[in-house]
Amino acid sequence: MPSKVDRIQDDALRGSFADAQAALKAGEYKKVVELSSAAYVELLQRKPEMLQGQEQFMNVVFFPRLGAHLVVNNDGRPEIVWDREKFSFSEAVTYFEFTIDKLLKAGL
Amino acid sequence: MKFGLFYEHQIPRPRDKEQWDPDAEHKMMKNALDQIELADYLGFDYIFQVEHHFLEEYSHSSAPEVFLAAASQRTKNIRLGHGITLMPPRYNHPARVAERIATLDLVSDGRVEFGTGESASEMELGGFGVRREDKKQMWEEATREVVKMMTQTPYKGIEGEHFGMPSRNVVPKPLQKPHPPLWVASSRRETTMVAARLGMGSLGFAFETPDEAKERADEYFRLVREECYPIGEAINPALAAVTILSCFEDDEEAIAKGMEGAQFFAYSLAYYYNPFTGGNHKPGQENIYKDFIEAPEDKRWGAFGDAFRGFGGFSGGAAKEEPEDEVTRALWRAAQRGGCIGSPDFVKDTLRKYEDSHLDLMIFVAQCGARSHEDVMDSIYRTGTKVIPEFKERHEKHQQWRAEQLAGVEHEINSTI
C-alpha cells in the first residue's frame with residue numbers, strides 16, 4: 001500500500017506533506033507543525049461542514065494542543081494560535097499524523 | 001497473539017457509606033496478587049499495571065513498582081509491565097524511574113516491560129503541576145534520558161527543557177540488555193505512529209474496526225521499517241490493545257457477572273477524563289459508584305458513551321442495528337464496546353478477528369467495578385484453559401508474519417512477542 005502522503009489526492013496538499021515529511025527527517029519540528037497546521041486550516045476552509053454544530057467541537061477540541069492550538073474566530077474563520085516556538089519530535093509527529101488522517105478521511 | 005491482564009486496581013466506594021471499609025484496599029491488593037499468580041500458572045504472558053494518582057474508585061494504583069515487585073515474587077514466567085509509568089519529571093524524577101525499573105528487572109530475573117506515558121486527567125496533571133501542553137515534550141525528553149541512564153556508564157547528564165542533572169552513574173543497571181522492552185501508551189491513534197517512529201511498542205485501547213486495525217498494523221510496521229529513529233538502543237515493535245473480559249460458561253452468566261464492571265470501567269474513566277466532571281471532582285467527597293448505579297441504563301457507559309461504541313472494535317454478530325432481544329442486545333453491545341464478555345466460544349470469535357488484523361498482544365481488564373474476586377478468578381481460569389490455548393498454537397504463524405514485516409530492519413530488536 002502506498003504511504004499516507006502518497007495517498008493524498010490534492011497535489012498542493014500532497015506537496016506540503018512531502019515537505020513536512022522531509023522536515024521531520026531533518027529535525028525541523030516547528031516546520032512540520034506549521035505545515036500540518038496550515039493544511040488542517042485549509043481542510044476546514046474547504047469543508048465548512050466540519051465546523052458546524054457538534055462537528056466543530058470534535059474537530060477543534062481534538063486538534064492537538066501541544067504548543068499550537070486551533071481557535072475559531074467570531075467570523076467563523078479557523079486560525080492557529082502559537083503558544084511556543086520549540087517543538088519535539090513526538091509533538092511534530094502528532095500534528096502530522098492527526099492532520100494527514102483527517103485529510104485522507106475527507107477524501108482530499 | 002499473546003495475552004495479558006491489565007490492572008487499574010478499581011475499588012468502587014460503597015453505595016451506602018461515605019468511605020470504604022478499612023480493609024477494602026488491603027483485600028483488593030491481595031486478591032489482585034492471587035489473580036496474577038493464577039494467570040502466571042495458566043500461561044498468560046503479561047500483566048500491565050497502571051500508574052494513576054488521586055483517581056479514587058477508578059484506580060488505586062499509584063505505586064505500581066511496589067505492586068509489580070510483589071507480583072515478581074509470586075510468579076515465575078509472566079512479564080511484568082508498567083502500563084504505564086508517568087514520565088513527566090514532576091511525577092517521577094527520571095533517575096528514580098531508571099533506578100526502579102532496573103531494580104524490578106533484577107528482582108524479577110529480567111521480566112520487566114517498560115511502559116511509558118504522559119497522563120491526561122486534570123486531577124493528576126493539576127495535582128502535580130504538569131502543564132497539559134507540555135506533557136508530551138516532557139514524556140519524550142524523560143524517556144530518552146531514562147534509557148541513557150540505564151545504558152550509559154556513567155550517564156552523561158543533561159540540561160534539558162524540563163529537567164537537568166549532572167553526570168552520575170545511575171545504578172543498578174537492568175538485567176535485560178541493553179534495556180527492557182519499551183512501550184508507550186497510545187490512547188490517540190497518532191501516538192501509535194509516534195511509537196513506530198521511535199521503535200516502541202504501542203499500548204492502546206481496542207477502539208477500531210477490523211479494517212482500521214489492519215490498516216494501522218500495516219502502517220505501524222511500514223514506519224518501523226522505513227522511518228524509525230529509535231529512542232532506545234533496541235526497538236520493541238509491538239501492537240497491544242486493552243479490552244474488558246468476562247468469560248463464563250454461557251453468555252448470560254458472563255453478562256450477569258461482568259457487564260456492570262465493564263460499564264463502571266467506562267463510566268469512571270469518562271468521569272475523570274472529561275474535564276467538566278473530572279476537573280471539578282471534589283476529592284474524598286464524591287461517590288462515583290453510587291451515581292453510576294443510580295444512572296439510567298443508557299447512561300451507564302458514561303459521558304463518552306458514543307465514543308466507546310467500538311471499544312473492543314468488533315461486532316460479535318452480523319447484526320448492524322441493536323437486536324431487540326435483551327440478552328442478544330447486551331451481547332451485541334458488549335461486542336461493540338467490550339468485545340470479550342461472553343462464553344469461551346464468543347470470546348474466541350472476537351479474538352480471532354483481532355488475530356486476523358495482526359494484533360500482537362491482547363490485554364484484558366478482568367478486575368473492574370464491583371466484580372467479586374471469585375468471579376474474576378473464574379473468568380481468568382476459564383480464559384486460560386478454554387480460550388488462550390488455541391491462540392498459543394497459532395502464535396508461531398504470527399511470529400512468521402512479524403519476521404516478514406521486520407525483514408531488513410537493522411536496529412537491534414528486543415521484543416518479547
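## Elements of chain A

Helices (H or I, at least four residues) and strands (E, at least two) are DSSP runs, numbered from the N terminus. By that rule, chain A holds five helices and two strands. Their order from the N terminus is α-α-α-α-β-β-α.

This is a predicted model: local features need pLDDT of at least 70, side-chain atom pairs count only at pLDDT 80 or more, and totals for chains, interfaces and linings use all residues. Residues are numbered from 1 along each chain as its sequence is written, while chains are lettered from A and ligands numbered from 1 in the order in which they are written.

## Overall form of chain A

The C-alpha trace of chain A spans about 40 × 35 × 20 Å along its principal axes. Its radius of gyration (taken over C-alpha atoms) is 13 Å, which agrees with the value near 13 Å for a compact globule of 108 residues. The globule rule is 2.2 Å times the number of residues to the power 0.38.

Of the 108 residues in chain A, 38% are buried (20 or more other C-beta atoms within 10 Å of the residue's own, with C-beta atoms placed from the backbone). Contacts are pairs of residues whose C-beta atoms, placed from the backbone, lie within 7 Å. Among contacts in chain A between residues at least 6 apart in sequence, 58% join residues at least 24 apart.

## Where chain B meets chain A

Twelve residues of chain B contact 15 residues of chain A. On the chain B side, α5 (135–151), α6 (189–198) and α7 (210–226) each supply at least two residues. The largest share, five residues, comes from α6(B).

Conventions
Buried ≥ 20, exposed ≤ 12 C-beta atoms within 10 Å, placed from the backbone. Contact = placed C-beta atoms within 7 Å.
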